[in-house]
Amino acid sequence: MTPTITAFERSPDGGKGLARDTRVRWALEEVGQPYAVRLVSFQAMKQPAHLALHPFGQIPTYQEGDLALFETGSIVLHIAGRHAGLLPGDADARARAISWMFAAVNTVEPPILELVTARIVESDKPWTKERLPLVMDRIRDRVKQLSARLGDADWLDGAFSAGDLMMVSVLLRLRASGILDEFPNLSAYVARGEARPAYKRAFDAQLVVNASKHPTG
Ligand code: GTB
C-alpha cells in the first residue's frame, strides 16, 4: 500500500529541504517505496482533522492503511523496519544504528533547535545578543564530540543506516550558522549524505513544491 505523508503547503525555508518531511521522503527513497504527499497549510495543521493524525498539529505525518504515525524518528524507524536498506541485519548493529537515530533527535538536535529559537523566535528579545554565543558554544561542544567519534569514517557505524540519515538531516540545519565548517569531517559527512541519489530525489521532490512559491528563498 502506498503511504501518504504530509508536508508544508508552503515551507518557510523556500525549498532548502530543512522541514522534516525531507527526512521521511529520504527514508522512503532509500528503500524504494513510492509515496504520496498531502500538502497542509499552517491553518489546516491546527484543525481537528489534522490533530487526529498529529496531536501537536505539525508535519510530517505518515499514513499507511489504518496506521497513522507522527514524529519523524518513529516514522523513519517504521520505514526502516519494514524495508531492507536502512538498518543492518545483524541484531547488535541494528540496535547501534537505532541508538544513533535517538542520538540525532535527542542529543544533537536539541541545542541546534535552541539556535533556531534564539535566531528566529527570540531575535527581538533584549537577551538574545548575550545568549547567542552561549547557544553556539553549546552546539560546538556537542558536535565536537560527534566529530571525534566519526573520525575519518564515512558513516557512524559501518554502512550507511537510518542513524546516518537522521544525523545528517539534523546537521543540515547547522549549515547556515557556519559551525559545520569548523569540523571538516562533519561537513564531508553531511556532503556524503546529500550526495546519495535517494537524498537528491527527496530534496528535488520537496523543491518542486516549495521553490516556485519563494523565488527569492
Ligand atoms: N518532533 C517532531 C518530528 O520530528 O516530527 C517535530 C515536528 C516539527 O517540528 N514540525 C514542524 C511543524 O510542523 C515542521 S519541521 N511546524 C509547524 C508548527 O509547529 O506549527 C520544522 C521546521 C520548520 C521550518 C523550517 N525551515 O523553514 O527552515 C525547518 C524545520
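Reply: Beyond its neighbours within four places in sequence, Gln-33 is in contact with Met-1, Thr-2, Pro-3, Leu-28 and His-83. The model is a predicted one. Gln-33 sits in the loop that joins H1 to strand S2 (36-40). Its relative accessible area is 16%, and because the limit for a buried residue is under 20%, Gln-33 counts as buried.

Rolling a probe the size of a water molecule over the atoms shows where empty space is left. In this model the count comes to 1 cavity of 30 Å³ or more, and the largest cavity has a volume of about 80 Å³. Two elements give two or more residues to its lining, namely helix H1 (21-31) and helix H7 (162-172). H1 gives the most, with 3 residues. The lining consists of Gly-17, Leu-18, Ala-19, Arg-20, Thr-22, Arg-23, Trp-26, Ser-169, Leu-172, Arg-173 and Tyr-199. By class, these divide into 5 nonpolar, 3 polar and 3 charged residues. Domain 1 (4-85 + 198-213) and domain 2 (91-196) both contribute to this lining, so the cavity lies between them.

The contact between the domains deserves a description of its own. The domain assignment gives domain 1 in two segments, 4-85 and 198-213, and domain 2 as 91-196. Their C-alpha centres are 21 Å apart. The contact takes 15 residues from domain 1 and 19 residues from domain 2. The size of an interface is often given as the accessible area lost when the parts come together. Here the two domains bury about 1,500 Å² between them, with 64% of that area on carbon and sulfur atoms. Of the area that domain 1 buries against domain 2, Arg-23, Trp-26 and Tyr-199 supply 39%, more than any other three residues.

Ala-162 belongs to H7 and is buried, with a relative accessible area of 0%. Apart from neighbours within four places in sequence, Ala-162 is in contact with Val-76, Ala-80, Leu-86, Leu-87 and Met-101. Ala-162 and Ala-80 are separated by 82 residues in sequence, yet their C-alpha atoms are 6.9 Å apart in space.

The largest pocket holds about 1,200 Å³ of space. It is lined by 37 residues, and those nearest its centre are Leu-18, Arg-20, Leu-113, Val-116 and Arg-173. Helix H2 (42-45), helix H4 (72-82), helix H5 (91-121) and helix H9 (197-210) are the elements that give two or more residues to the lining of the pocket. H5 gives the most, with 8 residues. The lining of the pocket divides into 18 nonpolar, 8 polar and 11 charged residues. Residues of domain 1 and of domain 2 take part in this lining, so the pocket, too, lies between the domains.

Two features of the backbone complete the account. Most residues other than glycine have a negative phi, and most peptide bonds are trans. The peptide bond from Ile-59 to Pro-60 is cis, with omega near 5°. Pro-60 belongs to the loop between helix H3 (48-51) and strand S3 (61-64). Glu-71 is not a glycine, yet has a positive phi of about 75°. Glu-71 lies in the loop between strand S4 (67-70) and H4, and H4 is one of the elements that give two or more residues to the lining of the largest pocket. With a relative accessible area of 41%, Glu-71 is partly exposed, whereas Gln-33, where the account began, is buried.

Terms used:
Residues are numbered from 1 along each chain as its sequence is written. This is a predicted model: local features need pLDDT of at least 70, side-chain atom pairs count only at pLDDT 80 or more; totals for chains, interfaces and linings use all residues. Side-chain values use heavy atoms; hydrogens and water are left out. On a 1 Å grid over the protein atoms alone, a cavity is a set of points where a 1.4 Å probe fits but cannot get out, and a pocket is an open set with protein on both sides within 12 Å along at least five of seven lines; lining residues have an atom within 4 Å of a point. Grid points are joined across faces, edges and corners, and a volume is the space filled by probe spheres set on the points. Helices (H or I, at least four residues) and strands (E, at least two) are DSSP runs, numbered from the N terminus. Ala, Val, Leu, Ile, Met, Phe, Trp, Tyr, Cys and Pro count as nonpolar, Asp, Glu, Lys and Arg as charged, and the others, Gly among them, as polar. Domain bounds come from an automatic or database domain assignment. Buried means under 20% relative accessible area, exposed over 50%, partly exposed in between (1.4 Å probe, protein chains only). Contact means heavy atoms within 4.5 Å. Buried area is the accessible area (1.4 Å probe) that two parts lose on being put together, summed over both.
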